Amino acid sequence: MLRTCEIEQIMLFPHFDPPHLTKRVIVQKTARYWRRTCAWILAPILIGLAGVGMAEASDYAFELNTWIVTHVPWASIIYMPVGFALIVYIARRFFPGTQGSGIPQTIAVIDDPDHKKKSDLLSLKILFGKIAMLLGGLTLGASIGREGPTVQVGASIMHAFYGYGTLKTAEQRRMLALSGGAAGIAAAFNTPMAGIMFAMEELTKKYIFNAHSPTLLTVILSGLISIALVGNYTYFGYTNESLALLTNIPAILVCGIAGGVIGGLFSLIVQKISVTPPQRIKKVIQEHPLAFAAACGLIVAILGLLTDGTVYGTGYQPTRLTLESDTTFLVWYYGAAKFIATLVSTLSGIPGGLFAPTLSVGAGIGDNVYALFPGLAPHGAIIILVMAAYLSGVTRSPLTSFIITMEMTGSHQMLLSLMAVSLLASLVSKYVSPEPLYHALAKKFEYVPEAKEVPAKAS
């Protein structure tokens, strides 16, 4: 309550502010400013920490899987089918919305025109469930990666701030999810440029991307947190190979066509079974999801036994080994085995991403291309070209594909060649699989607008 003297002073001197009123206004303005900006400052820091934490935890999960494979390799025939079925059960029963990559869920939230906040695809519950089951899948040896889950985790962290302060419109909710997903890519593999391009190319196919400062700030802060904690590293190591674009057109054509055709085939199979399956397959998956997941786990286990466990996990070690050496080659069937392992892991419904295992498949295919055409280009250059081409063929996101390949392999000297091969692969893939993979999968999570009640006419 204002005292009488203060009211008189305000009337006589309009610019007079009582001390306690000034403090109250400062507190209120500070609170409003904090609510408006914390989503763009605090959340990116949390995303960076989450990305680094998921990376470290994933490495421990892989080490545990390696120990199991080394000491009791035949046990995978038992624990992988059981483990796949258990993870699918937990996901369906306790964490619906965590299945698969996490990128389609983020796209579904971004494409939702409603301003209401929904928590079935992006929430703190989804965040913890996604991380736990990702680590479970990697411990088992599923051919999955952590970038897709990191996208959903990042989007969930940003989305948690929606509804507070001035963040209450559908456009603001969309930008929060978009920024969180892009920051997730940046934090997952220390690839900030790929995070920004991913937001522009993959997450906003239905909306025009506005590169406003909060989105860029989110990606940059998350990337800086990752660099500060683990250093400026490249996930798949370094290569000194270079490839001039104009003098290596045959290599660009061969690698681009191979990556586009095989990547498009992967996308087509996933869509035909997960999105528009034949009635018989649809009935089996719907009525017996746990048995289907167990069968997928059994296939991965058999492939693991046939390849001494090299198809398990992200494929980080064999890919880095063949990329950094001109004398070390993968076994001739690695690319095909990793392709099938990644395919059935994706179809099983367990939470897990595609980027890292897809790049590993590309490395295996690149080894095959080099074996067939040894004089086409240097070994390391062929590997990198096919990695980018195959990822572009799977995702139909050529700009993201060549940038993330370049950042994850340190091959900046091959910028133009990577750009050309990724664009070619995306074009070829379009003829094999017309619809982009992630946006086709996002249809499974689309929000159906609520029907409005029509008042009955008076008779």
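**Helix packing and a buried lysine**

The axes of helix α14 (residues 334–348) and helix α15 (residues 355–372) come within 7 Å and cross at roughly 155 degrees. Axes are lines fitted to C-alpha atoms over the stretch in contact, with angles from 0 to 180 degrees between N-to-C directions. Helix α14 is therefore roughly antiparallel to α15 (angles over 145 degrees). The crossing of α14 past α15 is left-handed (the near helix is turned anticlockwise from the far one by less than a right angle). Tyr 334, Gly 335, Lys 338, Phe 339 and Thr 342 of α14 make the contact with Pro 357, Ser 360, Val 361, Gly 364 and Ile 365 of α15. Contact means heavy atoms within 4.5 Å.

The model is predicted; local features need pLDDT of at least 70, side-chain atom pairs count only at pLDDT 80 or more, and totals for chains, interfaces and linings use all residues. Residues are numbered from 1 along each chain as its sequence is written, and side-chain values use heavy atoms, without hydrogens and water.

The chain has 19 helices and zero strands (DSSP runs of H or I, at least four residues, and of E, at least two, numbered from the N terminus). Of its 459 residues, 54% are buried (under 20% relative accessible area, 1.4 Å probe, protein chains only). Among contacts with a separation of 6 or more, 81% join residues 24 or more positions apart.

Lys 130 lies in helix α5 (residues 124–140). Lys 130 is buried but has no salt bridge (a side-chain nitrogen of Lys or Arg within 4 Å of a carboxyl oxygen of Asp or Glu). The nearest side chain of opposite charge, Glu 147, is 9.8 Å away. Beyond four places in sequence, Lys 130 touches residues including Thr 98, Gln 105, Gln 152 and Pro 351.

Methods: Buried < 20%, exposed > 50% of the residue type's maximum accessible area, 1.4 Å probe, protein only. Lys, Arg positive; Asp, Glu negative; His and termini not counted. Parallel < 35°, antiparallel > 145°, perpendicular 65-115°, else oblique.
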